[in-house]
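Here are a few friendly notes to read alongside the model. They go through the cavities, the nonpolar cores and the aromatic rings in turn.

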Amino acid sequence: MALVVHQIDAFTDRPFAGNPAAVVLLRQPAPERWMQQVALEMNLSETAFLEPREDGFGLRWFTPMVEVDLCGHATLASAHFLFGEGHLPPDATARFHSRSGLLTARRDGDWIELDFPAQPATPVDPPEELLAALGVTPVAVSRSPADYLVEVESERAVRDARPDFRRLAAVSARGVMVTSPGAPPHDFVSRFFAPAAGIDEDPVTGSAHCTLGPFWGARLGKTRLLGRQASPRGGEVRVSLAGDRVRLGGQAVTILRGEIDPP
């Protein structure tokens, strides 16, 4: 019997913007090799696999090349799928068991709010290959557990960045975010590059805001922020800081509904 698969644009309120993710609802655990092959076939930045459990859902995320420990937009897409297709009532809290621990999501009007672990960054001396690959002049460079954060002087510098993706893929990190203060209503803007994971530029990266939120919250003295990811598709992320947790808010739109044969 075929499995349900949806393609959902996350962190946007309109089709063909934000970050697309595929969501596959499993009936039982699936082989890791099969999930990686499906992600490669879908050829999106992430494909999420949901496995029903008594107290929620198992959740795993795959890029076309690798499994990742944390993904915001595919979690948002998963919650949107569960609420939108009636697998959860509108007032329920979605519970996801993942490689990053328990993650939750709840509806807030037309938005969905995710509860994720904060991943603050620490100032570092940047490796030469990082700045050479990015081709930007940094104001500051920091490192989170997974990624580099490179602050630049202006939104224009963020938007004009043209990395050398081949060289950037050799940098020892999941990815690199380039960020600056934003213009109202946005507190900050960013872009995210992850060629080592098979994604030259990710359209909207929820997990990066687990680092961007604490970084800009400390700079601006705020606990509630609005971020704009300035990729060609673009998207908005609401960020609320709560100690060692970060709440990420976004909207999502279902683009495709289909079926896929099980392994």
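1. The lining of the largest cavity is made up of seven nonpolar, five polar and three charged residues. Please keep in mind that this is a predicted model. The volume of this cavity is about 110 Å³. Its lining counts 15 residues, and E46, R174, F192, D202 and T205 are the ones nearest the centre. Helix α2 and the strands β13 (188-194) and β14 (199-202) are the elements that each give two or more residues to this lining.

2. How many cavities of 30 Å³ or more does the structure hold? There are two.

3. Next, the nonpolar cores. The largest one has 49 residues, and L50, W61, F96 and L248 touch the most other members. Helix α2 (residues 72-84) gives the most to this core, with seven residues. Another core, of 17 residues, lies apart from it and includes V158, V176, V178 and V189. As a general background, nonpolar side chains in soluble globular proteins tend to be buried together.

4. Now for the rings: the whole structure has five aromatic pairs. In one of them, F49 and F62, the ring centres are 5.7 Å apart and the planes stand at 85°, which is over 60 degrees, so the pair is edge-to-face. Because F49 belongs to strand β3 (residues 46-53) and F62 to strand β4 (residues 56-62), the pair ties together parts 13 residues apart in sequence.

5. F165 and F193 form a tilted pair, because their planes are at 55° with the centres 6.0 Å apart. The pair ties together parts 28 residues apart in sequence, since F165 is in helix α5 (residues 165-168) and F193 is in strand β13.

6. Finally, look for charges over rings. The charged end of R238 sits over the ring of W111, at 3.6 Å from the ring centre. Likewise, R143 has its charged end over the ring of Y148, 4.7 Å from the centre.

Key
Residues numbered from 1 in each chain as written. Predicted model: local features only at pLDDT ≥ 70, side-chain atom pairs only at ≥ 80, totals over all residues. Heavy atoms only, no water. Core = buried A, V, L, I, M, F, W, Y, C linked by side-chain atoms within 4.5 Å. Buried < 20%, exposed > 50% of the residue type's maximum accessible area, 1.4 Å probe, protein only. Helix = DSSP H or I, 4+ residues; strand = E, 2+ residues; numbered from the N terminus. 1 Å grid on protein atoms, 1.4 Å probe; cavity = no way out; pocket = protein on both sides within 12 Å on 5 of 7 lines; lining within 4 Å. Points joined across faces, edges and corners; volume = space filled by probe spheres on them. Nonpolar A, V, L, I, M, F, W, Y, C, P; charged D, E, K, R; others polar. Phe/Tyr/Trp six-rings, centres within 6.5 Å; stacked < 30°, edge-to-face > 60°. Lys NZ or Arg CZ within 6 Å of the ring centre and 35° of its normal.
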